[in-house]
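Subject: The structure I promised you

Hi,

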Amino acid sequence: MARCTAPVRGHHTASARAACPACGGRGGYGGYGGSRSYSTPSSPSYSSSGSSGSSRSSGGGSRRSTKPRWSGAGSSQFYTPEEVRALTPIRDTVEKRASLPDLRDIFLCHAWDDRQGVAKELCDLLVARNVSVWFSENDIGLGEPFLRAIDKGLAKSRIGIVLVTPALLKRLPAAGVADKELSVLLARDQLVPIVHNTTYGALRDVSPMLASRNGLETAEMPMADVAAKLAELVTL
């Protein structure tokens with residue numbers, strides 16, 4: 001029986017195929033014949049409509065396709081995997097402290113300069129979502145010892161958020177009230193940084209420890225979405 005010459009000479013041209021004693025008289029799809037002889041499979045085993053690399057390179061918004069276990073079925077909020085990893089220990093703290101009575105959902109740590117601006121805006125957005133917030137502007141009465149009131153607020157809150165703004169970055173080196181609040185919150189898994197109008201790089205220059213905690217950034221989502229995610233985080 002005549003032997004096919006495709007393994008040695010190939011059948012990539014019509015003349016080579018015709019010269020083969022075994023395949024010369026066959027159609028292009030027999031034996032090793034035809035242009036498909038040594039072709040690469042057209043569909044790679046691990047491909048999809050878009051690779052994981054391309055989705056990561058296209059920015060945070062395009063990667064928000066994850067929902068954490070605490071997200072409600074009707075929620076319109078989506079998360080990056082990094083956000084879920086950062087918030088999961090905070091959620092664990094919320095669940096562990098669920099049985100403690102008379103706790104506020106969130107303690108809001110902020111710079112004094114932001115109390116009538118972005119801190120109030122965030123507080124109002126959270127309250128509108130039925131989140132109970134300890135906020136110094138609302139919770140420290142006239143003549144009440146300031147530091148003692150904050151101490152009680154920290155003890156009576158499930159988690160804390162720190163509003164990282166340019167004003168806070170200026171205040172922290174002075175070791176004021178916000179610095180004391182931050183020290184308490186950093187000691188436990190109950191702190192979520194909210195970075196607004198600044199960057200993690202700028203925060204790292206002032207507080208490497210706080211910058212090591214992943215949180216939420218208004219550069220990547222509106223403040224209303226930040227409030228929505230915080231509300232989901234503390235809702236049981």
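To start: in which sense do β3 and β4 pair, and over how many bridges? They pair in the parallel sense, over five bridges. Two strands count as paired if DSSP finds at least two bridges between them.

Before going further, a word on the source. This is a predicted model, in which local features need pLDDT of at least 70, side-chain atom pairs count only at pLDDT 80 or more, and totals for chains, interfaces and linings use all residues. Residues are numbered from 1 along each chain as its sequence is written, and side-chain values use heavy atoms, with hydrogens and water left out.

**The sheet**

The protein chain has twelve helices and five strands. The five strands make an open sheet with parallel pairing, in the order β2-β1-β3-β4-β5. At the edges sit β2 (133-134) and β5 (216-217), each pairing on one side only. Helix α4 packs on the sheet, where it touches β3, β4 and β5, and its direction makes about 145° with that of β3. (Axes are lines fitted to C-alpha atoms, for helices over the stretch in contact; angles run from 0 to 180 degrees between N-to-C directions.)

β1 and β3 also run parallel, joined by five bridges. Follow Ile 161 across the sheet: it is the bridge partner of Leu 108, and its own partner in β4 is Val 192. Val 162, for its part, has Pro 193 as its bridge partner in β4.

How many of the eight residues of β3 are buried? Eight of the eight are, so β3 is largely enclosed by the rest of the structure. Buried means under 20% relative accessible area, exposed means over 50%, and partly exposed is in between (1.4 Å probe, protein chains only). Over the protein chain, buried residues make up 42% of the 236 residues.

**The cores**

In soluble globular proteins, nonpolar side chains tend to be buried together. A nonpolar core here is a set of buried Ala, Val, Leu, Ile, Met, Phe, Trp, Tyr and Cys residues joined through side-chain atoms within 4.5 Å. The largest one has 30 residues, and Leu 108, Leu 126, Ile 161 and Leu 230 touch the most other members. Elements giving two or more residues to this core include α4 (81-96), α5 (118-128) and α12 (223-234). The largest share, seven residues, comes from α12. A second, separate core has 24 residues, among them Ala 149, Val 162, Ala 167 and Leu 169.

Back to Ile 161: leaving aside neighbours within four places in sequence, its contacts (heavy atoms within 4.5 Å) include Phe 107, Leu 122, Leu 191 and Leu 230.

**The aromatic pair**

There is one aromatic pair in the structure. Phe 107 and Trp 134 are stacked, at 4.8 Å centre to centre with 10° between the planes. Rings of Phe, Tyr and Trp (its six-membered ring) pair if their centres lie within 6.5 Å; planes under 30 degrees apart count as stacked, over 60 as edge-to-face and the rest as tilted. The pair links distant parts of the chain, with Phe 107 in β1 and Trp 134 in β2, 27 residues apart. Phe 107 is buried at 0% relative accessibility, and Trp 134 is buried too, at 7%.

In α9 (177-186), the buried residues are Ala 178, Glu 181, Leu 182, Leu 185 and Leu 186. Seen down the axis, they fall within an arc of 130° and so line one face of the helix; the arc is that of the directions from the helix axis to the C-beta atoms. Among the elements they pack against are β1, β3 and β4.

Asp 189 lies in the loop between α9 and β4. Is Asp 189 buried or partly exposed? Asp 189 is partly exposed, at 46% relative accessible area. Not counting residues up to four places away in sequence, Asp 189 touches Pro 89, Ile 90 and Thr 93.

Lys 229, in helix α12, is buried with a relative accessible area of 2%. Its contacts beyond four places in sequence include Arg 64, Tyr 79 and Glu 83.

Cheers

Key: Helices (H or I, at least four residues) and strands (E, at least two) are DSSP runs, numbered from the N terminus.
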